[in-house]
Amino acid sequence: MKRHPALVPLSRQHHDGLALGVMIERGLRDDADPADTAQLERVREQALDLWQLELRGHFEVEEQIVFPAARQAGEAGLVDTLIAEHEAIRLQFEALERAPASEAGPLLDELRNALVRHIRTEERVLFQAMQAAMDQPQLEAMGRAVSDALPTLCLSLGSANG
């Protein structure tokens, strides 16, 4: 099913999250030297930067706008699961922020797995269900709210538009 325009800005950010997953995977490859704390620190900093600039605000937009709309569309159970995943991912980013680079490898790998799985669920299950259950005016209203909120909550967008 083609993505409704109301959800496209979030899907673009999901792409950034998936790209982070690939970047983490490449940074943690088996042939990488586990003692190379400089490499781990680069990957850690890139992950934390994307969290601060985009993903943290993205979660807020989903929780304030998308998830309530999804609940009304009959997806309360899935929304509860996704909110719990948001909280787990937040805690993983907090742990990553506190951890020294020498201990970041396992945290990054767990974060990558959780983030990629979460994004795929939103894209393949939640968004598809919302598009099937919501009518055009509902989707358009939600899309306007998302477009208004993203530049305010996502620093990467706010700085580009400000």
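**Close-up views of a predicted model**

View 1. Buried positions in α5 are Leu139, Met142, Gly143, Val146, Ala149 and Leu150. When α5 is viewed down its axis, these buried residues fall within an arc of 145 degrees, so they line one face of the helix. The other side of α5 carries Pro137, Arg144, Asp148 and Thr152, which are exposed.

**View 2. Helix α1 and its buried residues.** Helix α1 (residues 8-27) has 20 residues, which at 1.5 Å a residue should span 28 Å, and the distance of 29 Å between its end C-alpha atoms agrees. Within α1, the buried residues are Leu10, Ser11, Gln13, His14, Gly17, Leu20, Gly21, Ile24 and Gly27.

View 3. The axis of helix α2 (residues 37-72) comes within 11 Å of the axis of α3, and the two cross at roughly 160 degrees. Angles over 145 degrees count as roughly antiparallel, and α2 and α3 are therefore roughly antiparallel to each other. With α4, the axis of α2 comes within 12 Å and crosses at roughly 30 degrees; these two helices are therefore roughly parallel to each other. The crossing in which α2 passes α3 is left-handed, and α2 passes α4 in a left-handed crossing as well.

**View 4. A salt bridge between glutamate 87 and arginine 90 in helix α3.** Glutamate 87 forms a salt bridge with arginine 90, and the closest N and O atoms of the pair are 3.8 Å apart. Both residues belong to helix α3 (residues 76-98), where they stand three residues apart, about one turn of the helix. An α-helix has 3.6 residues a turn, so residues three or four places apart point the same way. Glutamate 87 is partly exposed, with a relative accessible area of 39%, whereas arginine 90 counts as buried at 18% relative accessibility; the cut-off for buried is under 20%.

**View 5. A salt bridge between arginine 112 and aspartate 109 in helix α4.** Arginine 112 and aspartate 109 form a salt bridge in which the closest N and O atoms are 3.1 Å apart. The two residues are three residues apart in helix α4 (residues 104-133), and about one helical turn separates them. Arginine 112 is buried, its relative accessible area being 18%, while aspartate 109 counts as partly exposed at 32% relative accessibility.

View 6. In a salt bridge with an N to O distance of 2.6 Å, the side chain of aspartate 80 meets that of arginine 71. Aspartate 80 is partly exposed, with a relative accessible area of 44%, and arginine 71 is likewise partly exposed, with a relative accessible area of 35%. Elsewhere, Glu41, Arg44 and Glu45 are linked in a network of salt bridges. A search of the whole structure finds seven salt bridges.

Technical notes: Residues are numbered from 1 along each chain as its sequence is written. This is a predicted model: local features need pLDDT of at least 70, side-chain atom pairs count only at pLDDT 80 or more; totals for chains, interfaces and linings use all residues. Side-chain values use heavy atoms; hydrogens and water are left out. A salt bridge is a side-chain nitrogen of Lys or Arg within 4 Å of a carboxyl oxygen of Asp or Glu. Buried means under 20% relative accessible area, exposed over 50%, partly exposed in between (1.4 Å probe, protein chains only). Helices (H or I, at least four residues) and strands (E, at least two) are DSSP runs, numbered from the N terminus. The arc is that of the directions from the helix axis to the C-beta atoms. Axes are lines fitted to C-alpha atoms, for helices over the stretch in contact, and angles run from 0 to 180 degrees between N-to-C directions. Angles under 35 degrees count as roughly parallel, over 145 as roughly antiparallel, 65 to 115 as roughly perpendicular and the rest as oblique. A crossing is left-handed if the near helix is turned anticlockwise from the far one by less than a right angle, and right-handed if clockwise. The expected span of a helix is 1.5 Å times one less than its number of residues.
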